[in-house]
Every structure is written in structure tokens, then in C-alpha cells.
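Here are my notes for your review. Please read them with the model open.

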Amino acid sequence: MSNYADIVVIADQIKNDLRPITFELLGAATDLAKKLGVKVQAIVMGYELGDIPQTLFHYGANEVFVVDKPELAEYTTLTYRRAALAVLEAMERPPHILLCGATTIGRDLAPRIAAYFETGLTADCTELEIGDYEHKGKADPAKTGLHKDCLYAIRPSFGESLKARILGPWKNPQMATARVGTMMPNEPDNSRTGKIIPVSVNFDESDFRVSVEETVYEVSNTVDLTQAKVIVSGGFGLGSADGFDVVRDLSSAFADSAVGSSRKAVDAGWIPYAHQVGQSGKTVRPALYIALGISGAIQHRVGMSNSATIIAVNKDEDAPIFQFAHYGIVGDLYEVAPLLKERFKTAMAGDVNVAKVGG
Ligand SMILES: Cc1cc2nc3c(=O)[nH]c(=O)nc-3n(C[C@H](O)[C@H](O)[C@H](O)COP(=O)(O)OP(=O)(O)OC[C@H]3O[C@@H](n4cnc5c(N)ncnc54)[C@H](O)[C@@H]3O)c2cc1C
């Protein structure tokens, strides 16, 4: 039995639909919990949550705290803050680690919780680890010395040219938000179950200073890049907006695929920002990432280098992308892309699993 308190994940749901980040956080929390010898707990807040707690067990939670109230049907900062704190205050001691998604909800809620506990919060992490830390500074003697099993919240910084490891071991919970698409979910296990702990909450009049009049959901025609199994991305090497026809054409060869882009192509006005991959765009980890006419700048790389297989097509054999692509093709993308499409179509007709291509 570990001396540490448990790890808590705040489930991210909209209209009782668990967002993919919830499964990613549970995956990361499972790894951290194994190292610490503690449990993974989830907090889910909403109304008429049905079998959501069971789903959280399937993806790695050991215990689920449920706050199910009509007042929580729609997210608002103050009601969700009150509900989250009702759960956290009911615990014997604050969690060792508390994780939220770097989503609209998580980015809003996490700082409120951190402020309540007067603890630190590292935003937009791409990796989470456990490690020891020896603080040699003497300015504050309470902080000096060896701190065991701290949360290493890792995120790109300085224009994504460095990975910063950010620690705050002096106070629990040690908190982080994680970027969508950067953590690996566990394989769901439908036989897993656990303890459901209902928690009541007493709202205060002040929690309703803000009310939601109407929620408008935008229906997007673009596939969510963070969920696509295959991404075909185009860069400035396409030469013009029309070049994306070639990208779309290659992408259409795959089910569950999406079109991505470098920032330079977005900045040129060739494709909307929603397609941008990289530091200031989306972080993705598809089974297959095909980069057409992308040089491989660090700001692009940080958004896609966790893809299982990367194929790069570039006419410059010294392009940086060849240093980290699994397969590199030196050539003109306009000649290579149609050939690739034919090869993949033939391979897939022969029942070759795309995820295994090049694997
Ligand atoms: C703060 C900050 C944030 C940023 N965020 C992002 C981000 O989120 N995402 C991102 O992508 N970038 C980002 N950038 C920009 C990044 O630094 C690069 O400028 C950008 O990624 C370059 O895009 P590119 O590879 O498409 O263009 P280029 O660097 O111009 O590369 C084009 C490539 O196409 C090749 N090429 C040309 N013609 C052909 C052809 N016919 N066939 C095959 N290959 C060809 C060339 O050899 C070249 O390698 C950011 C920069 C900063 C400073």
C-alpha cells in the first residue's frame, strides 16, 4: 500500500458524450498510478449521466465520483467548480496528482481548482512522468531537499524548441492539463468495474451569477484531425491552394482519414486553420501520417512526431523531415502522390492493414 494519495482525472463530457481526452487522461493516469502504487479515480459531473461511470471503469478508472444534478446539465465555470470541490473536499487528503484536459472545459476549470488548493498547474502538457527532484535552492528552506515521486509535467516551450519539465512537488494536488491527442488511452476492457461514489453538492446563489441561455453546436464537415487514423498533410511545397486537390485525393484512398496542413500553407490562405498540425495547431498521433511538401520544421514536428508511421515526400533530400520520417521519398509530390494512392489501394484491396504498413 502506497503512502501517496491517489490520482484524479476530471472527465470531460459534453451532453453526456465523453470526450476522447477523458480516455487519454485515464491512460496516462494508469501509467502514473502503477509507478506510485495508487488508484486512478475519476470525477464526472453532469446530469442523467447513465452508464458513463461504467465507461470510465472500462478505460482505467478504479473509482468514479459522480455528481449528477440538473444544475450541471450545461457546463458553467462556477457550478462545475463547486461540484469538483465538493468531491475533492470530501476526500481524506488532496489527490497526489490531478489531471484535466487542455480543452475549453479543462482549461477553464483547472485553474479554479488550482487556485482553491493554492497549488501549481502546468498547462498543455504533452508528456507526464514520475520522478524524484532535489531542490537545492535555499531561499525557502521548506522547499529545500529531496522530493520523491513528483509529477514531471512536460510541455514544449520557447517556440517548441525545448521540452520543459515543470514541477511543483511542494503542494498536492500536483496539477496538469494535457493536450488532446498526446496521451495514449488504454484498450477498453468491458469486464472492468469499480466503485461508484455519489457525491452531493450544495450550490450557493453566487454559483448562478452566470447562466447559459443557449448552447449552439457548430456542425463541422471536417474530420477531427485528432481522431483520424490516417492524415495526409500538405505544406508550402504544394505551391498553391489547388495543390490540396492532390492531398485530398490521396486522403480519399483511406477510410477514417483527414487532411492536415503545415502552418505556412495555412498562412498562405490555401486551407483553413482547422487543418493545421503543429505547435500552434493540432497535436495528432494517427496510425499513418503522410507529409507532402513539408520541410519538417520543429514546430510542425512536435504536432505529429508521435504518429505510428510517417511517410515524407519532399524533393529536397536534405529536408529535415527525413531525419524523423520512417519512410522518405525524394521526389516531386505531384508525381509521387498518385503513385502512392495506387499502391495503397492495391495493398488495401489485398487486405493489408494500413496501420501495419511500414510497421
Ligand atoms: C511560434 C511559431 C509557431 C509555429 N507553429 C507551427 C505549426 O503549428 N505548424 C507548422 O507546420 N508550422 C508552424 N510554424 C512554422 C514553422 O516554423 C515552419 O515555417 C513551417 O512548418 C514550414 O511549413 P512548410 O514545411 O510547409 O514550408 P517550407 O518550410 O517552405 O517547406 C516546403 C517544403 O516543400 C518542399 N517542396 C517544394 N516543392 C516540392 C515538390 N513539388 N515536391 C515535393 N516537395 C516539395 C521543399 O523542399 C520544402 O522542404 C510555427 C512557427 C512559429 C515561429
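How do the residues of the shell around the ligand divide into nonpolar, polar and charged? Point 2 takes this up.

1. Basis. This is a predicted model; local features need pLDDT of at least 70, side-chain atom pairs count only at pLDDT 80 or more, and totals for chains, interfaces and linings use all residues. Residues are numbered from 1 along each chain as its sequence is written.

2. Ligand shell. The shell divides into nine nonpolar, 15 polar and five charged residues. Here Ala, Val, Leu, Ile, Met, Phe, Trp, Tyr, Cys and Pro count as nonpolar, Asp, Glu, Lys and Arg as charged, and the others, Gly among them, as polar. Gly235, Gly237, Ser262, Arg263 and Gly278 come nearest, out of 29 residues around the ligand. A residue is near a molecule if its C-beta atom, placed from the backbone, lies within 6 Å of it. Helix H6 (263-267), helix H7 (298-304), strand E16 (309-314) and helix H8 (333-349) each give two or more residues to the shell. Helices (H or I, at least four residues) and strands (E, at least two) are DSSP runs, numbered from the N terminus.

3. Domains. The assignment, automatic or from a database, gives domain 1 (7-208) and domain 2 (230-356). Their C-alpha centres lie 33 Å apart. Nine residues of domain 1 are in contact with eight of domain 2. Contact means C-beta atoms, placed from the backbone, within 7 Å. The domain 1 side holds two nonpolar, five polar and two charged residues.

4. Cores. The largest nonpolar core has 56 residues; Val9, Leu26, Ala29, Ile43, Leu56, Ala84 and Leu99 touch the most other members. Helix H1 (residues 20-36) gives the most to this core, with eight residues. Another core, of 37 residues, lies apart from it and includes Val246, Trp270, Ile290 and Ile294. A nonpolar core is a set of buried Ala, Val, Leu, Ile, Met, Phe, Trp, Tyr and Cys residues joined through C-beta atoms within 7 Å. Buried means 20 or more other C-beta atoms within 10 Å of a residue's own, exposed 12 or fewer, and partly exposed in between, with C-beta atoms placed from the backbone.

5. Helix H5 (residues 244-251). Its buried residues are Phe244, Val246, Val247, Leu250 and Ser251.

6. Leu98 lies in strand E6 (residues 97-101). Leu98 counts as buried because 30 C-beta neighbours lie inside 10 Å. Beyond four places in sequence, Leu98 is in contact with Val8, Ile113, Pro173 and Met175. Pro173 sits in the loop between strand E10 (162-166) and strand E11 (174-178). A cis peptide bond joins Asn172 and Pro173, with omega about -5 degrees.

7. Positive phi. Most residues other than glycine have a negative phi, and most peptide bonds are trans. Glu48 has phi near 55 degrees, and Asp149 has phi near 50 degrees. Glu48 lies in the loop between strand E4 (40-46) and helix H2 (52-58). Glu48 is exposed, with 11 C-beta neighbours inside 10 Å. Asp149 lies in strand E9 (residues 145-157). Asp149 is buried, with 20 such neighbours inside 10 Å.

Conventions: Two residues are in contact if their C-beta atoms, placed from the backbone, lie within 7 Å.
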